[in-house]
Amino acid sequence: IACIEGCETLIAGRERLLGPSHPKTASARGKLGEALAGSGEPEAAAEVFATAIADLRRAYGDDSPVVKRAALRCASAFDQVDRAEEAAALRLELDLD
């Protein structure tokens with residue numbers, strides 16, 4: 001829980017200083033997604049990962065290794081919460097398989 005709260009605090013600070021769509025803010029969201037997934041909150045993790053991946057794609061483009069790593073985590077989170085179609089679409093869009 002402390003890790004989740006720390007990530008939320010980090011995100012709030014980065015949003016205030018850098019903006020909500022900045023790549024560093026998106027990276028912090030990815031950390032929050034990992035913390036949520038590790039804490040048994042896969043649905044919340046999937047939503048956070050989805051937001052993070054959208055911002056990272058805008059910042060870096062679909063061919064970026066940063067985007068591909070984040071997309072794999074996002075697709076995995078989607079699979080865990082019965083969102084297999086979204087996971088498959090993301091993998092196909094970014095050629096992850």
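Trainee: What follows H5, and what is its phi like?
Mentor: H5 is followed by Asp95, whose phi is positive, near 50°. Helices here are DSSP runs of H or I with at least four residues, and strands are runs of E with at least two, numbered from the N terminus. Keep in mind that this is a predicted model, where local features need pLDDT of at least 70, side-chain atom pairs count only at pLDDT 80 or more, and totals for chains, interfaces and linings use all residues. Residues are numbered from 1 along each chain as its sequence is written, and side-chain values use heavy atoms, with hydrogens and water left out.

Trainee: Is Asp95 buried or exposed?
Mentor: Exposed, because its relative accessible area is 63%. The cut-offs are under 20% for buried, over 50% for exposed and partly exposed in between, with a 1.4 Å probe and protein chains only.

Trainee: Which residue with a positive phi comes after H4?
Mentor: That's Asp82, with phi near 60°. Asp82 sits in the loop between H4 and H5. Asp82 counts as exposed because its relative accessible area is 74%.

Trainee: Back to H5. Which residues are buried there?
Mentor: Ala87, Leu90 and Arg91. Looking down the axis of H5, these buried residues fall within an arc of 100°, so they line one face of the helix. The arc is taken over the directions from the helix axis to the C-beta atoms. Glu85 and Leu92 are exposed on the other side of H5. The cover over the buried residues of H5 includes H3 and H4.

Trainee: What else is Arg91 in contact with?
Mentor: Leaving aside neighbours within four places in sequence, Arg91 is in contact with Ala75, Ser76, Asp79, Leu96 and Asp97. Contact means heavy atoms within 4.5 Å.

Trainee: OK, now H4. How many residues does H4 have, and how far does it reach?
Mentor: H4 has 16 residues and spans 23 Å from its first C-alpha to its last, close to the 22 Å expected at 1.5 Å a residue. That expected span is 1.5 Å times one less than the number of residues. At the start of H4, a side-chain oxygen of Ser64 comes within 3.1 Å of the backbone nitrogen of Val66.

Trainee: And which residues of H4 are buried?
Mentor: Val67, Ala70, Ala71, Cys74, Ala75, Ala77 and Phe78. Down the axis of H4, the buried residues fall within an arc of 160°, so they line one face of the helix. They pack against H3 and H5. Pro65 and Gln80 are exposed on the face of H4 turned away from the buried side.

Trainee: Where does the largest nonpolar core get its biggest share?
Mentor: First, the core itself: it has 26 residues, and those with the most contacts inside it are Leu32, Leu36, Ile53, Ala71, Cys74, Leu90 and Leu94. H1, H2, H3, H4 and H5 each supply at least two of its residues, and the largest share, seven residues, comes from H4. A nonpolar core here is a set of buried Ala, Val, Leu, Ile, Met, Phe, Trp, Tyr and Cys residues joined through side-chain atoms within 4.5 Å.

Trainee: What does Leu94 touch?
Mentor: Arg57, Asp62, Val67, Lys68 and Ala71, not counting residues up to four places away in sequence.

How values were computed. A polar contact is a pair of N or O atoms within 3.5 Å; within protein, one must be able to donate a hydrogen and the other to accept it, and residues adjacent in sequence count only if both atoms are side-chain atoms.
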